[in-house]
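Try each task before reading its solution.

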Amino acid sequence: MSPQRTDDSAAPDSPAPGYIPHTPADRRAMVSAIGAPDEEALLADIPAALQAGAAPSLPPACSELELQRLFDGWADQNRPAGSMISLLGAGAYDHAIPSVVGHVLNRSEFYTAYTPYQAEMSQGLLQAIYEYQTMICELMAMDVANASMYDGASALAEAALMAMRVTKRSTIVLAETLHPHYRRVVETYLQGLSCTLKTAPAAGGIVDPAALSGQLDASCAALIVQHPNFFGCLEEVEALAAAVHAAGGLLVVMADPVSLGLLAPPGQCGADIAVGEGQPLGIPMNFGGPYLGLLAARQAFMRQLPGRIVGATVDGAGRRGYCLTLQAREQHIRRERATSNICTNQALTALAATVHLAALGPGGLHEAAVQCWDKAHFLQRALTALPGVRAAHAAPFFKEFVITLPVESEPIARQLANDGVLLGLSLAPYGAGMEKALLCCVTEKRTRAELDRCVEALAGALASNRR
């Protein structure tokens, strides 16, 4: 197979080589029809300083087979997390995914009609979304959930906006233990909205409810906490709820959905709005997306939920049916009355979460959560038994925890990655004083042999650094 040419040397009435549908004669006719002398004239308004000048020196064109081999060679340079022992977490988690999830997702009726713009044509999809909403309500102990959002970070930002609409207040208090990336997304969403952001200080890895008096005043719309938080620690959610409610604000809790197989759900702990990153529910890590934003709330706040809500109804013949009950977004109502400019929901990944939860059931989710808890605590004890390794926090944790090393963590993490062990996330980029900190995560997928290998690998790396 010879390389294909893409110049104008082809016959004037034949298509251009490659995948360009128009012949050179077609292009000349179009330019003539608009009154331009040639194609270059179409670019005349681009300032000369921005023009490249001479054409770049590019390698010869490849055949399809040659290009595939080139891409395969580049891909082979990657080392996927699945090919190593991974203790990475911090928002993207290596949980087990039942094979039924992929089989259902790849059915054409779901895969091609992934968002219900024409609801009457998508009864099966609407039913799946309705089931998803029901499961999220049960998981979060909330009254109503929307049809999903882009990811956990955008769901959290939308929850902040929602709290401001509900309370007619303009101050959002963010826990210091919130994931730094989530905080940046919230800050971006709220930029230019004449609101105030405050920080609830943390001590020992969690927010101290008794230290909130300076942040929770009459202007506070919501206190936002993550549970388990960025460091893996469990916050005192009920005490935080009492503190913010006393000030007339709302409590927004960002929860790990797998942890809810073991921990009390946000609704039982006093949360008014619950959000989460749905990636642990049947969605691969996949270079960061597409993921899934969970958002649920109390019944009283239903009309302030962004996005769409699917409801169940009965048609004229008495048959059960599903419809988009609430669509308070700018594409469906007057823009000034919209709760959000969110343009769609992640229906395909929401379906993955629905199938995943249905496959596991309450017992399976509980077992996954218990295994995460047990294995994480086993590993923390084993790692902190090594010379110079300490637990960074004394607070209870679920599946993530922070350890401090006797040396800087980033070089150690890189050294172990070269040996096939992703021991965790170095926290050095996340603030002063964390140069020796490492955030480790253990899911139900990790075996005893893998955890023992992690301990041996860290012991060896620390010993080599002492020499």
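**Exercise 1.** What percentage of the 467 residues of the protein chain count as buried?

*Solution.* Note that the model is predicted. Of the chain's 467 residues, 46% count as buried. Next, take the extent: the C-alpha trace spans about 80 × 75 × 50 Å along its principal axes. Then take the elements: the chain has 11 helices and 17 strands.

**Exercise 2.** Find which residues touch the most other members of the largest nonpolar core.

*Solution.* This core has 59 residues. M140, L216, L223 and L251 touch the most other members. Helix α9 gives the largest share of this core, 10 residues. Now look at M140. Leaving out residues up to four places away in sequence, M140 touches a list that includes L260, P265, V275 and L294. A second, separate core holds 34 residues, among them C195, M254, I273 and I309.

**Exercise 3.** Decide how α9 and α11 are oriented to each other: roughly parallel or roughly antiparallel?

*Solution.* Start with the ranges: α9 covers residues 347–384 and α11 covers residues 448–466. Their axes come within 10 Å and cross at roughly 25°. Angles under 35 degrees count as roughly parallel. Therefore α9 and α11 are roughly parallel to each other. Their crossing is right-handed.

**Exercise 4.** Which residues of α9 meet α11, and what kinds of residue make up the contact?

*Solution.* From α9 come K375, F378, L379, A382 and L383. They meet R448, L451, D452, V455 and L458 in α11. Sort the residues of this contact: 7 are nonpolar, 3 are charged and none is polar.

Terms used
Residues are numbered from 1 along each chain as its sequence is written. This is a predicted model: local features need pLDDT of at least 70, side-chain atom pairs count only at pLDDT 80 or more; totals for chains, interfaces and linings use all residues. Side-chain values use heavy atoms; hydrogens and water are left out. Axes are lines fitted to C-alpha atoms, for helices over the stretch in contact, and angles run from 0 to 180 degrees between N-to-C directions. Helices (H or I, at least four residues) and strands (E, at least two) are DSSP runs, numbered from the N terminus. Angles under 35 degrees count as roughly parallel, over 145 as roughly antiparallel, 65 to 115 as roughly perpendicular and the rest as oblique. A crossing is left-handed if the near helix is turned anticlockwise from the far one by less than a right angle, and right-handed if clockwise. Contact means heavy atoms within 4.5 Å. Ala, Val, Leu, Ile, Met, Phe, Trp, Tyr, Cys and Pro count as nonpolar, Asp, Glu, Lys and Arg as charged, and the others, Gly among them, as polar. A nonpolar core is a set of buried Ala, Val, Leu, Ile, Met, Phe, Trp, Tyr and Cys residues joined through side-chain atoms within 4.5 Å. Buried means under 20% relative accessible area, exposed over 50%, partly exposed in between (1.4 Å probe, protein chains only).
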